[in-house]
Amino acid sequence: MADERVGSVPKLSSADSVTTQTDCVKSRAKRIVKYVISFSLLWFILHRGLFPLAYHYVSASRPSAHTHACTHDNYAWAMDAFTPKEPEVPTGQLAENFFLTIPNSASAVVASRKYATKPHLAGSEGDLRTAMYFFDLLQRELSIPKSIDDPIYPAGSEASRNATLSITNLTEPAAWIDVYYPVLNTPLDRSLEILGDDGSTVWRAELEEIADELDSDAHAYADSVGAWHGLSRDGEAEGRLIYANYGRKSDYDELVEKGVDFTGAIVLVRYGGVFRGLKVKRAQELGAAGVLIYSDPQDDGTVTEKNGYAAYPHGPARNPTSVQRGSVQFISMYPGDPTTPGYPAYENSTRTIGSNIPNIPSLPISWANAKVLLKEIEGKNRPVRLTNHVETKVTPIWNPIGVIPGHIKDEIVLVGNHRDAWVLGAVDPSSGTVSVHELVRGLGALLKEGWKPLRTIVIASWDAEEYGLIGSTEWGEDFAEWIQKHVVAYVNLDSSVSGSRFKAAASPLLAHFIRKTAEDLPHPTDPKRTLWDATADRGQLFGECHDINSLGTEVETEVAHSVGIRPLGSGSDYTVFLQHLGVASMDSGGFSSTRSDPVYHYHSVFDSERWQEVYGDPGFVKHVAIAKNLGLQTLRLVSALVLPFNTTHYAFELENYLDRVEGLATASSATVNLIPLRAAIKSLQFASMELDAEKLVAERVLKRYLRKWRKQHHKQKDKHKQKESCFKRLMRRLKGIFTMSKVDGTPAWIQEQRETKGADVVEHESGGEVGVEDGKWPHLPLPNKPKRPHHPHWPHPKPPRVPRKFIKAAKAVRKINQKLASFERGFIHEDGIKDREWYKHLGVAPGKWLGYGATTLPALTEAITIEKNVTLANYEVSRLTEAVEKIAAALRA
């Protein structure tokens, strides 16, 4: 049976056998082609369709930014900031070194001549022009695209609010101008006369400054801004003269004790000692009718005409017609717009009368006029008539603001300098503006190298500072909650150069930081010394001092820090940030005038570009030194893993302040119980030293993991390059398989084999078919099509897995920085200081009768020295004790 079945199978011819084999080859080839096509289609669908949809779904379902901030944002900044970049960008010391190559004298001189050769009083056309100069600088140097309409926003508008409140969301530099609307005044007609017995004028003062053509700018603009006091009272006064020395409270009180009656009198005082507005305030309280304030050459030290120095512009001594303009606002009550205390000056704001401005008129006068009046007092002392008419109105002012976003978007370092001047202002404030100009250039150059700060930088050009810190105060009041939440430090620069001695002031948190930065920079004129060494410098114009009772320009009324950095009083734009909002602040440092320097004509038309170039800073090397100092301070504040705040120094300074209060209490025989406060300060010292150890460990651990992260990133990148190379070979092969020949539409791989093996062989191996339909290859979606918008797909490198210890270390540093940033705010008390509640810092404030100078532990000190109230003093001890205990508890949390 078996044999029959086998024998019944028909035998195939050799031709049939060949045909069957060919059919099998064709069938296999078709199946292979089919599988390849199916796989490719599936790959395409998954790769280009479903995966992106899934990715977007996953992205959309992630937690919101608010809820995510407590987890991912607490460590992502470290990965973003310290992941190696290609090409390598300057960071750390390299970034500092690069920055220091940018500021230069040539650029500084050009900037100074741009800002300081025309008047730019706050609210004037010249002021707006300088605002646009600064705004254009920000756009140009920070590579901010220009828009059709300049972003100038009225304060309180949606655009203005969004501009500031969205800073923490920015990814690219931005700039805009906020416009506030305070009440300001400008001079109209003014006069000063001595009257005869019949009421006729026997002498009339020349109130305006007289400049010759040797100083062309001063000569051109000598009467462009009249000699008057900003925010002074409009009116007339007539009375006999009383001389009250510097117009300090002690000067007035001494005269009162001698039986002098100020009622209806016109008080003549000289500049110095205290803020000019407080000279007027005390006279007003004593019933005076008006005040005259003059600049006394006896306060100029050795550089006087008596010592043989020619008067400016022919020499370095005081021009006898020079006049010091300035605000007579009662700055120790509250700064800013007088009519909107504690809230921003919008165009439609509800306004008050203003309780921090005088009710009696005043005028600034020259030494040339004061000499006449001093002789009159010694002689007949006839009546004097003072006229001061001013125009008072709501006036727009402009604050240009620029932003450089950092990796940590919610930690902000704010840098500010005011821009407005009483006339030309080559020193005040344009020398500072020039240094900030160079700072912006340096930061812009770093940005062009690919650098990005760790923390966000905000740069502000404040307006109307001269009237009473108005631009900064209104912005601070406008965004108080946002500032307290996000701004970790405020860096202020007023004037850069008016003399030879380097000075700085700060919160105790930043005292060591300022000194260290200055010690790391060279002296501008002596490479063997440091910038810090200039704190002992003095001018080289010597001679005899003729008034041993003169306060001069070097006397400090405030307590000095043990490290050589003074505490902050008031008189510049840090006031709202430190003493109203509790932001650690510093006046970053500048070169001030000494008693042997060429006389600096403060707030005069002689504060001119010529004076600066001839006497103030020939060669502008000091302008550049301050720009470098400011830049180094900014870079270190924004780049430090742990904020460079010294809480321990602050805690021990508090003990020094308390020792001083104890001395005052003993001297006044006041029984004040300081024991609880001293115990709280001791506790704070221990808590701070514990935090110091915590800072050291946390920073060291995070740096170690950052080094590992960078090393792991390099390894991952090398692996990716290998995978990418393999992927590219595969893609070339697939491209070869699926790419059509330009000649006959056959696959490129077949065309290639035709050329190498011959067409007949290829036709035989492929079964004689080269296509599916009429010899044409089907059109397939190919891998080399243009990419769609980015989504995470292979072969992009997978980021290295973030170790839990790394996350923990980054969170620890963030927590420490939050403690450091909140330290200063711990001294803010909602009730503020008695009789001047706007000032809320219990640790430091401008002295009630100083204005410029700082009073430490102000509410407690003044309860003893001014109020002489033991009950109030003990209450202030309890407030301070509670504040210090809370700060210590926060450090230990």
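Hi everyone, let's talk aromatic rings: the count here comes to 22 aromatic pairs, where rings of Phe, Tyr and Trp (its six-membered ring) pair if their centres lie within 6.5 Å. This is a predicted model, so local features need pLDDT of at least 70 and side-chain atom pairs count only at pLDDT 80 or more, while totals for chains, interfaces and linings use all residues. Residues are numbered from 1 along each chain as its sequence is written, and side-chain values use heavy atoms, with hydrogens and water left out.

One of the pairs is Tyr252 with Phe262, edge-to-face at 5.4 Å centre to centre and 65 degrees between the planes. On the angle, planes under 30 degrees apart count as stacked, over 60 as edge-to-face and the rest as tilted. Tyr252 lies in helix α10 and Phe262 in the loop between α10 and β8, so the pair ties together parts that are 10 residues apart in sequence. Helices (H or I, at least four residues) and strands (E, at least two) are DSSP runs, numbered from the N terminus.

Are Tyr252 and Phe262 buried or exposed? Both are buried, meaning under 20% relative accessible area, with exposed over 50% and partly exposed in between (1.4 Å probe, protein chains only).

Next, Phe502 and Phe591: their ring centres are 6.0 Å apart and their planes at 65 degrees, so this pair is edge-to-face. Phe502 sits in strand β17 and Phe591 in strand β18, so the pair joins parts 89 residues apart in sequence. Phe502 is buried, at 2% relative accessible area, and Phe591 is buried, at 2%.

Finally, a cluster: ring pairs link Trp462, Trp475, Phe479, Trp482, Tyr490 and Phe577.
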